[in-house]
Amino acid sequence: MRFKKIVIVGAGVAGVNAATKLVDNGFPGKNITIIDMGNDPYKRKPEEVMTGFLGAGGWSDGKLTYHTAIGGQLSKYVGEEKAMKLMDEVINNFKRFHPKPEEVQCSNPVEEPDFIKPYFGLRLFPVWHVGTDYLHEIGKNWYDYLVSKGVDFVWNERVFKVDFESSLVYHTIKGKEGQYAIDYDQLIFGVGKSGIDFAQEIQDEYQLETEPKSVQIGVRFEAPQKHFQKLIDISYDFKLYRKFEDKGVSLRSFCTNNNAAYVAVEDTYGNHSYNGHAKKDPKYRNDMTNFGILMEINGIKNPFEWSRKVVEACQANKTGLYYSPDMTRNPSLTSEGETVSAWEISKYSLANVRHVMEGYFEYIEDFIEDMKKVFPTLGDDWGIYIPEVKYLSPEPLVNYNDLSLSEYPDVHFVGDALSARGITVSGAQGILSVEKLISKECPWDNIQGDIINWK
Ligand SMILES: Cc1cc2nc3c(=O)[nH]c(=O)nc-3n(C[C@H](O)[C@H](O)[C@H](O)COP(=O)(O)OP(=O)(O)OC[C@H]3O[C@@H](n4cnc5c(N)ncnc54)[C@H](O)[C@@H]3O)c2cc1C
């Protein structure tokens, strides 16, 4: 049998699931090279939130959502039934490498509770919760498996150029002069959010056709968990939502973390924005809840530039902002005991945030006001980290059956680089991108990639 040389850029959720699908189906690991600018799961440090084995997913809260309406557009590509099957495969992979798979909890609300009506709707879907600390163990087991299958990992090297015409991937090599190129027959491009500027560069360079995207921006809300317990008992990762169709705006609570819940700083383009994660180990318990309040805004002309401009304007003293009414609360501690980096602002400075968000921030304030009605003990016992953002760079047009670029069928965009937004969808896209390569009809060549010294 003859095999192709596959290069995967990004050892994130998408790239790792793609490699796993290949080797599980007899594709030789030695023909797969994965290049990542982060560390392997044994060397990755807690502060390396976005890079390294399993990417942002490896240090996330590990909430595996199981619904096509959440995170990206998988069913648009493959239809509902196939999308669910792909997500099953991803969830099974996480369980398979879990040291205690029986501890993965599933929350599956089936009915909207009356007490949230008429203010909010609640999205009903199952979610498996793994927890950050178990993810680290999963990462190590998963990595060991791929290494045992012969997959070649290149760590701490940044890919800075891809030449689609000559099928070459250029990456740095630390400690050595010059830069190096590796050739591919098939390229899986899964650089996630930490590589979004690079993905954008490539799209611009090759003038790839794209699909229009919305703006996704908001805040990370944090409060003591007791105020939300009634809803958490029904749905761990509750998704409250509301829509203003005539204004092109919808809002949802997003990525809820409970029990041992921590706010995480994301560093993109040199600016701070916020996210959250939760630990499983009871020693980290802080009885806090945090979640994003995210707006999806349609109709903004250059959504990517607009989001970047807003994020840049919501910085002070080289970090993001924190607001709590009458300074009732302060930024909380990270799981390492450091104060979450954020500049505290008063209600007067909040006027600037309203200004830069061009009227959209009021939707978030209304959302919070209505939460105070639904969760009566909440009052002013909360704080928000500003901003939380999902940069959706324009999504390149791909062939829906294998996510390859319409003009470059050997190059597959996957995961957050294809606007996936989430672990299960990103992993599912990774699997989809390689399915055709393991089908019997594919004519494979046994080509070992050559390293070319390029100066
Ligand atoms: C704090 C946090 C918590 C989250 N919690 C959840 C959650 O609970 N549930 C959920 O569904 N989603 C969550 N997410 C989102 C989820 O992690 C991502 O959607 C998912 O990991 C995307 O997968 P990916 O493979 O596309 O990218 P990633 O997993 O981000 O991986 C991309 C990889 O590419 C590498 N890379 C980037 N650029 C280059 C380059 N130029 N050269 C070499 N390597 C490069 C990076 O080092 C990284 O390892 C969270 C994200 C964060 C940051």
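Entry 1: I began with the second largest pocket, whose lining residues divide into 9 nonpolar, 7 polar and 6 charged. Here Ala, Val, Leu, Ile, Met, Phe, Trp, Tyr, Cys and Pro count as nonpolar, Asp, Glu, Lys and Arg as charged, and the others, Gly among them, as polar. A pocket is an open set of points on a 1 Å grid over the protein atoms alone, where a 1.4 Å probe fits, with protein on both sides within 12 Å along at least five of seven lines; lining residues have an atom within 4 Å of a point.

**Entry 2: what I am looking at.** This is a predicted model, where local features need pLDDT of at least 70 and side-chain atom pairs count only at pLDDT 80 or more, while totals for chains, interfaces and linings use all residues. Residues are numbered from 1 along each chain, and side-chain values use heavy atoms, with hydrogens and water left out.

**Entry 3: who lines it.** I found 22 lining residues for the second largest pocket, with Pro 46, Glu 47, Val 49, Val 265 and Glu 336 nearest its centre. The largest share, 6 residues, comes from β16. Helices (H or I, at least four residues) and strands (E, at least two) are DSSP runs, numbered from the N terminus.

**Entry 4: Arg 44.** Next I looked up Arg 44, in the loop between β2 (32-35) and α2 (55-58). Is Arg 44 buried or exposed? Its relative accessible area is 6%, so Arg 44 is buried (under 20%, with a 1.4 Å probe, protein chains only). I also saw its side chain reach the backbone oxygen of Gly 55 at 2.8 Å.

Note on methods: Buried means under 20% relative accessible area, exposed over 50%, partly exposed in between (1.4 Å probe, protein chains only). A polar contact is a pair of N or O atoms within 3.5 Å; within protein, one must be able to donate a hydrogen and the other to accept it, and residues adjacent in sequence count only if both atoms are side-chain atoms.
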